[in-house]
Amino acid sequence: MTDIGSIYCGAPTVADDVTLIANDPYDLQTMINIQMDHANKFRYTISEQKSCVLKIGDKSEHSWYMNDQKLNTPINATHLGIKRDINSKFGVKEVVPDRIQTARKTVYALMGAGLYGLNGINPKVSVHMIKCFVIPRLLYGLDIIRLTKTDIAKLSVYYIQLLKQIQHLPSRTANSAVLVLTGQLPIESEIHKKMLSLFRNIADNHGSVERSIAQRQLALKTRDSESWFIQIIKLTEMYELPSPIEVLDLVPEKHIWKKLVYNAVNDYWKNILILEARTKVSMKMLNVDNFKVGVVHNIWESSGSELLSVKRACVKAKIISGTYTLQADRAKFNGNRTSSLCPLCFKQSEDLMHFLIKCNSLEGVRRKFIMLLRNLLNDKINALLVDDLFNFEDNLLQLIVDCTKFQFLKQLWTTIERLSSSLCFGLHQKRTSLLL
């Protein structure tokens, strides 16, 4: 039979899903026979077609029978929604691809509700739908298995790509920009939260096999062990949380532990995101100091639900993330084999400053919105501050691209963002029409 130390764990059962584990093929057949005798005694049927045997690490030939019917011995099988296989090191190499496929199907099912990029619903609503319907299916069961770095990378690539799609951002957009704009953390943080919450539940289940295994593994296993409980030790150290031994000795209340874990995990990844964002040249105009977990950027917060407003915000999101392509960017990408001169006025290099503030060919569109913006600020703040904002090009550029940089304008962020988004969209349309 199968023991971990002196703890028997050969028949883990959840509701009507039974798993029998044995080290010896004859022991397993005996367990099946006992199970069938019990089923026949109480007159219920166990399906031979739905039952199978996974031979892990055993290449010998052997057959198992249930009600005189030979059981299948496939290379993989699904139990409680988790696909186990016999070939990989941990027996779960197909779990992450399977979870990603399930999440992708869920997203396709939600497209009818507008869960896509351009012409879709506001990404603020899309993020909420993803958190409610997609993330639970994407992460189901991943908190109880060993995930490799490759598994984490696959999950991260899918999640980031999904967030890019709902914001209509190009694939070259910096990951940190994508997360900051949507107020989200890397998918790895969500897995860690689930693992730490699960461990607290195990610790609180006194007298259970799981708690007994936790006590044994934490006491005997070394740090280089591949035990799930050693992972928990590393996570508590990573987030500076009470050690697993302390949690076992004095189990915290569920709401207290949840708050403690969420705050620790959020703060850790928030700091990493901000530090990473500050190293990105493409994100120099994005105010990461105002980043809050679970709160979308002012671009999406102020855009509303109208289709045209979302389109405007999509253009603004490209500008603020540094992925709106201008002639200076093309010249840089082509090793200066292409001229960086503005294709509209042919006077200066077409960078973001030139496009938004200087280009004479776009002055007709720009003048109207700059006047509206200045009139708005003249009515609300000191005239000297207004002059500083509009007379210095760097300040004006920052005001247009991301006004949240100026805390003294906090009450006007929404109105300013709507005007600046309209300005950027108008300049984008005018530029596009002139280049055709």
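Which helix is Leu162 found in? Look at helix H4, residues 149-166. Everything below comes from a predicted model, so keep that in mind as you click around.

Leu162 counts as buried, because its relative accessibility is 3% and the cut-off for buried is under 20%. Setting aside residues up to four places away in sequence, Leu162 touches Val107, Ile130 and Val134.

Ala103 sits in helix H2, which covers residues 95-110, and has a relative accessible area of 0%, so Ala103 is buried. Its contacts, leaving aside neighbours within four places in sequence, are Val134, Leu138 and Tyr158. Tyr158 is 55 residues from Ala103 in sequence, yet the two C-alpha atoms are 9.4 Å apart in space.

## The nonpolar cores

In soluble globular proteins, nonpolar side chains tend to be buried together. In this model, the largest nonpolar core has 117 residues. Which residues have the most contacts inside that core? They are Leu356, Leu377, Leu399 and Leu409.

Another core, of nine residues, lies apart from the largest one, and its members include Met36, Ala39, Val53 and Leu71.

Val14, Leu80 and Tyr140 make a nonpolar surface patch of about 240 Å². Leu80 is in the loop between strand S7 (76-79) and strand S8 (82-85). With a relative accessibility of 32%, Leu80 counts as partly exposed.

## Ser321, a buried serine

Is Ser321 buried or exposed? Buried: its relative accessibility is 1%. Ser321 lies in the loop between helix H12 (307-320) and helix H13 (327-333).

The Ser321 side chain has backbone oxygens to look at. A polar atom of that side chain lies 2.8 Å from the backbone oxygen of Ala317, and the backbone oxygen of Lys318 lies 3.2 Å from a polar atom of the Ser321 side chain. Beyond residues up to four places away in sequence, Ser321 touches Leu169, Thr173, Ala177 and Ser282.

## Salt bridges

Side chains of opposite charge can pair when their charged atoms come close. How many salt bridges does the count come to? The count is 13. One of them joins Glu301 and Lys124, with the closest N and O atoms 2.7 Å apart. Glu301 is in helix H11 (residues 298-301) and Lys124 is in helix H3 (residues 123-139), so this pair ties together parts that are 177 residues apart in sequence. Both ends are partly exposed: Glu301 has a relative accessibility of 38%, and Lys124 has 37%.

Arg278 and Asp289 also meet in a salt bridge, at 2.2 Å from N to O. Arg278 is in helix H10 (residues 254-278) and Asp289 is in the loop between H10 and H11, so to speak a link between distant parts of the chain, 11 residues apart. Arg278 is exposed, with a relative accessible area of 53%. Then there's Arg99, whose side chain meets that of Asp98 in a salt bridge (3.7 Å, N to O). Arg99 is buried, with a relative accessible area of 8%.

## Two positive phi angles

Most residues other than glycine have a negative phi. Asn67 is not a glycine, but has a positive phi of about 55 degrees. Asn67 is found in the loop between strand S5 (65-66) and strand S6 (69-70), and counts as partly exposed at 35% relative accessibility.

Glu240 also has a positive phi of about 55 degrees, and is not a glycine either. Where is Glu240 placed? Glu240 is in the loop between helix H8 (228-238) and helix H9 (244-249). Its relative accessible area is 73%, so Glu240 is exposed.

How values were computed. Residues are numbered from 1 along each chain as its sequence is written. This is a predicted model: local features need pLDDT of at least 70, side-chain atom pairs count only at pLDDT 80 or more; totals for chains, interfaces and linings use all residues. Side-chain values use heavy atoms; hydrogens and water are left out. Helices (H or I, at least four residues) and strands (E, at least two) are DSSP runs, numbered from the N terminus. Buried means under 20% relative accessible area, exposed over 50%, partly exposed in between (1.4 Å probe, protein chains only). A polar contact is a pair of N or O atoms within 3.5 Å; within protein, one must be able to donate a hydrogen and the other to accept it, and residues adjacent in sequence count only if both atoms are side-chain atoms. Contact means heavy atoms within 4.5 Å. A nonpolar core is a set of buried Ala, Val, Leu, Ile, Met, Phe, Trp, Tyr and Cys residues joined through side-chain atoms within 4.5 Å. Patches are made of residues with over 30% relative accessible area and no salt bridge: like charges are joined within 9 Å, nonpolar side chains (Val, Leu, Ile, Met, Phe, Trp, Tyr) within 5 Å. Accessible areas come from the Shrake-Rupley method with a 1.4 Å probe; for residues, only the protein chains shown count as cover. A salt bridge is a side-chain nitrogen of Lys or Arg within 4 Å of a carboxyl oxygen of Asp or Glu.
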